[in-house]
Amino acid sequence: MKSTLSSIAVSLAVIVSAGCSKEQKSGDQQVQATPKQAPQQLWPKIDNQVAKLNDVESRITEIMTTMTLEQKIAQMIQPEIRDISVEDMRKYGFGSYLNGGGAFPDNNKQAKVEDWVALAEKMYQASIDDSLDGSSIPTMWGTDAVHGHNNVIGATLFPHNIGLGAANNPELIEKIAEVTATEVLATGIDWIFAPTVAAVRDDRWGRTYEGYSEDPDIIKAYSHAIVTGLQGKPGEGFLGQDKVISTVKHFVGDGGTLGGDDQGDNISSEEELYKIHAQGYVGGLNAGAQSVMASFNSWHGEKIHGNKYLLNDVLKERMGFDGFVVGDWNGHGQVADCSNASCPQSINAGLDIFMVPGDWKALYDNTLAQVQSGDISQSRIDDAVRRILRVKVRAGLFEKPSPAQRIYAGKSELIGSEAHREVARQAVRESLVLLKNNEQLLPLKPNTKVLVAGDAADNIGKQSGGWTITWQGTNNENSDFPGGTSIWDGISAQVEAAGGSAQLSEDGSFEEKPDVAIVIFGEEPYAEGHGDRANLEYQAGDKRDLALLKRLKQHGIPIVAVFISGRPMWVNPELNASDAFVAAWLPGSEGLAVADVLFTDAQGQVQHDFTGRLSYSWPKTPTQLVNRGDTNYAPLLPYGFGLSYGDKNVLSDELDEQVASAHQQQASVPLFTGTVQKPWQLWLYSGDESIRVSANTHEVGGLFYRTIDKEVQEDARKLRFNGNANAGIRLASKSFFREDLRAKLGSDVVVTFHLNVEQAPSDAVYLRMNCESEGDAPGSCGAQVDISEQLKAVPLNTWQPLTVDLACFTTQGFKLQNTVVPFELSTPGTLTVSLADISLEKKSDQLGQLRCN
């Protein structure tokens with residue numbers, strides 16, 4: 001029976017109540033140490049039905065008695081397919097490997113099912129080939145199939161988790177998991193990094209759409225359901241040939257970081273950590289999940305990847321989890337005193353598998369040496385390997401046929417099959433939430449004249465969001481979704497079949513006035529980091545979709561807004577400009593199902609009613625952080641809200657559109673003030689070589705760098721370029737995640753810094769800014785200005801300010817709202833210069849020495 005949220009009272013009084021709302025910014029909370037309770041006082045013991053199925057320990061012991069230390073370390077190393085060869089697998093015998101988002105066999109985005117299977121087969125055969133490493137332990141391949149088998153062309157893509165949370169149907173979730181497992185198995189892969197069970201408490205977080213809800217109740221039930229669907233129920237058929245290994249992630253607290261900062265710090269009390277953020281683990285582990293992924297975030301300043309209390313004392317000892325803990329993408333490298341190439345702290349804390357894209361060889365060698373030196377105990381290695389082998393034995397990897405011979409392998413007809421797509425269409429229909437319906441505009445009769453507008457109307461990539469073929473979900477075309485349908489496809493099919501007319505016009509232009517306009521718009525695709533926001537205002541500073549709605553409204557056309565987003569957003573102006581408003585979230589590849597709910601059948605009967613209900617509270621202001629259970633709870637629309645056909649509309653057309661609270665713009669954004677300001681990182685490069693600054697003196701190729709004193713100790717940086725290669729210094733965001741600096745500063749901005757020229761330049765000196773344009777790679781909308789003449793004009797050995805108008809960069813295509821590199825200085829020639837006090841500032845009459853008209 002589908003569960004319901006009807007017990008949650010929803011009334012106009014609640015929606016419009018005055019009261020104090022919970023408005024916070026990332027700096028409002030103070031980090032306080034939280035005393036750790038004894039785990040048994042808080043954390044539950046998991047009823048591990050899997051352990052009761054059979055006794056596998058004697059077999060594991062038998063295997064381990066034959067293993068060398070090198071073989072054991074190899075079981076704990078998980079490289080990425082872009083960084084290893086089949087020969088590497090044969091030589092080392094890695095326990096597992098993965099494909100990251102946007103990684104494909106042979107780096108071919110259009111790889112076919114047989115290409116995936118071929119790679120799986122080659123890696124498997126290499127792993128059991130003992131001719132080089134002496135090991136015949138089968139490897140396993142892990143993938144992020146987070147809303148279907150989302151790396152594979154033609155796969156069924158389900159709504160992202162935020163939409164599934166609105167459906168609140170655990171039985172449906174189990175079906176989705178079964179479908180996902182089948183499509184993954186068809187490509188020869190045996191392990192899925194899902195489900196994500198984050199309880200999202202700050203919707204500014206760029207992974208909000210990966211969470212089912214802000215409330216742990218849905219998360220707990222869903223985690224149990226999806227693990228069951230992926231692995232089967234403990235007992236007969238558990239982890240059989242039609243099932244995959246699941247991973248509950250990310251342990252723990254990733255949805256509760258300060259400021260919604262991806263990979264940031266969670267300062268919840270331990271009780272909150274358990275009651276809010278850990279309920280998905282209670283559900284998933286009780287269902288028999290065999291792996292848990294450690295989280296990037298910290299808890300009270302300590303990175304989870306190095307937190308022995310949580311990984312070992314709580315998860316393994318108290319809760320009784322006997323599977324393995326896998327790291328996230330080089331997450332061990334963020335632990336204090338660690339690097340991507342060395343982190344005994346993580347293993348000692350309870351990490352069993354390093355996820356190590358990039359230089360896995362250095363990590364392998366260092367870990368081996370650390371065991372030999374005693375930095376990591378042999379017993380900890382043995383425990384990790386026992387856990388890995390336990391899962392492999394339970395999953396039958398020693399008995400199952402090789403990937404190419406398994407029951408679903410190579411069956412391309414399973415990828416995006418009609419039966420699978422129908423499950424996805426059900427999920428789309430049940431995920432839609434009706435927020436507004438003036439004068440019962442919806443449902444629409446299909447035998448009418450419909451205008452379909454908006455840039456998401458016929459865009460399967462945009463409606464699918466991040467983690468869709470590519471990591472960020474960008475650079476995709478409709479042709480990349482064979483078998484998939486856009487929202488426009490569904491509308492046009494239903495309208496034309498009933499004798500009506502449907503016109504697609506992205507900009508809303510028309511020759512003959514329509515009876516109704518359906519405007520489909522929303523967020524561009526993004527994944528972790530890139531999706532972090534300063535506030536929840538939709539299209540801050542660039543209200544192009546609002547302008548489209550208003551243009552149509554001026555013509556007296558009734559407007560149905562279909563909003564595509566990975567989170568609730570402040571859309572008061574767009575709500576006011578619409579007669580009906582549907583939160584469609586990120587529906588995936590089956591866009592046609594949206595029309596099943598918007599339209600009646602040809603006889604005027606409702607096909608599918610709106611049954612989706614908000615699993616996230618909807619914000620009243622751009623800066624409101626609001627969650628069910630808050631003191632003075634006063635969202636615009638509460639958790640559990642959602643209209644069905646016939647329900648009275650509750651939202652007015654005069655919602656507050658003031659955005660002053662969202663735009664407390666700063667006079668300046670400091671980038672370097674003696675220390676590099678977050679979120680920026682300082683890099684040096686020369687030719688093809690680059691390093692992140694980690695000491696007060698560096699030398700890389702043709703560039704020498706050191707800290708110096710300008711006014712106080714080490715508040716400036718000296719650079720000496722020898723002219724042997726193009727070299728430079730760069731401030732960049734972490735992993736090139738884009739930062740919206742326009743929201744902080746506006747668009748009238750200058751770049752300003754102080755410099756001291758000791759040796760004038762012999763060649764051009766480029767000041768550069770870089771950004772990520774929507775849908776493109778980092779650096780795709782960069783711009784540069786040659787400032788060599790300015791440097792030659794200043795007196796030597798004297799500190800001088802220099803300001804450069806932002807227009808010098810924006811006229812070349814730079815976009816301040818998508819900044820990834822706010823400052824870069826490079827030259828192919830010789831130059832000795834010191835830099836200090838780098839910032840972006842709002843323009844004034846006194847600023848802007850270098851102007852570009």
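Me: Let's start with one residue of this predicted model: is Gly-229 buried or exposed?
Reply: Happy to take that one. A residue is called buried when its relative accessible area is under 20%. Gly-229 has a relative accessibility of 0%, so Gly-229 counts as buried.

Me: Which helix holds Gly-229?
Reply: Helix α9 covers residues 216–231. Gly-229 falls in that stretch, and its helix is α9.

Me: How far is the C-alpha atom of Gly-229 from that of Asn-649?
Reply: Along the chain, Gly-229 and Asn-649 lie 420 residues apart.

Me: Good, now the whole protein. Why can it be called as compact as a globular protein of its length?
Reply: The chain folds into 24 helices and 30 strands. For 853 residues the globule rule gives 29 Å, and the protein comes close to this, so it is as compact as a globular protein of that length, with a radius of gyration of 28 Å.

Me: What share of the 853 residues counts as buried?
Reply: For scale, the C-alpha trace spans about 85 × 75 × 50 Å along the principal axes. Of the 853 residues, the share that counts as buried is 62%.

Me: How much space lies in the largest cavity?
Reply: Nice place to look next. Searching the whole structure turns up 9 cavities of 30 Å³ or more. In the largest cavity, the space amounts to about 110 Å³.

Me: Which element gives the most residues to the lining of the largest cavity?
Reply: The lining has 16 residues, and those closest to the centre of the cavity are Val-146, His-147, Ile-176, Thr-180 and Ile-226. Elements that give two or more residues are α7 (161–167), α8 (170–186) and α9 (216–231). With 4 residues, the element that gives the most is α8.

Me: How many residues of that lining are charged?
Reply: The lining of the largest cavity divides by residue class into 12 nonpolar and 4 polar. The number of charged residues is none.

Note on methods:
Residues are numbered from 1 along each chain as its sequence is written. This is a predicted model: local features need pLDDT of at least 70, side-chain atom pairs count only at pLDDT 80 or more; totals for chains, interfaces and linings use all residues. Side-chain values use heavy atoms; hydrogens and water are left out. On a 1 Å grid over the protein atoms alone, a cavity is a set of points where a 1.4 Å probe fits but cannot get out, and a pocket is an open set with protein on both sides within 12 Å along at least five of seven lines; lining residues have an atom within 4 Å of a point. Grid points are joined across faces, edges and corners, and a volume is the space filled by probe spheres set on the points. Ala, Val, Leu, Ile, Met, Phe, Trp, Tyr, Cys and Pro count as nonpolar, Asp, Glu, Lys and Arg as charged, and the others, Gly among them, as polar. The radius of gyration is taken over C-alpha atoms; the globule rule is 2.2 Å times the number of residues to the power 0.38. Buried means under 20% relative accessible area, exposed over 50%, partly exposed in between (1.4 Å probe, protein chains only).
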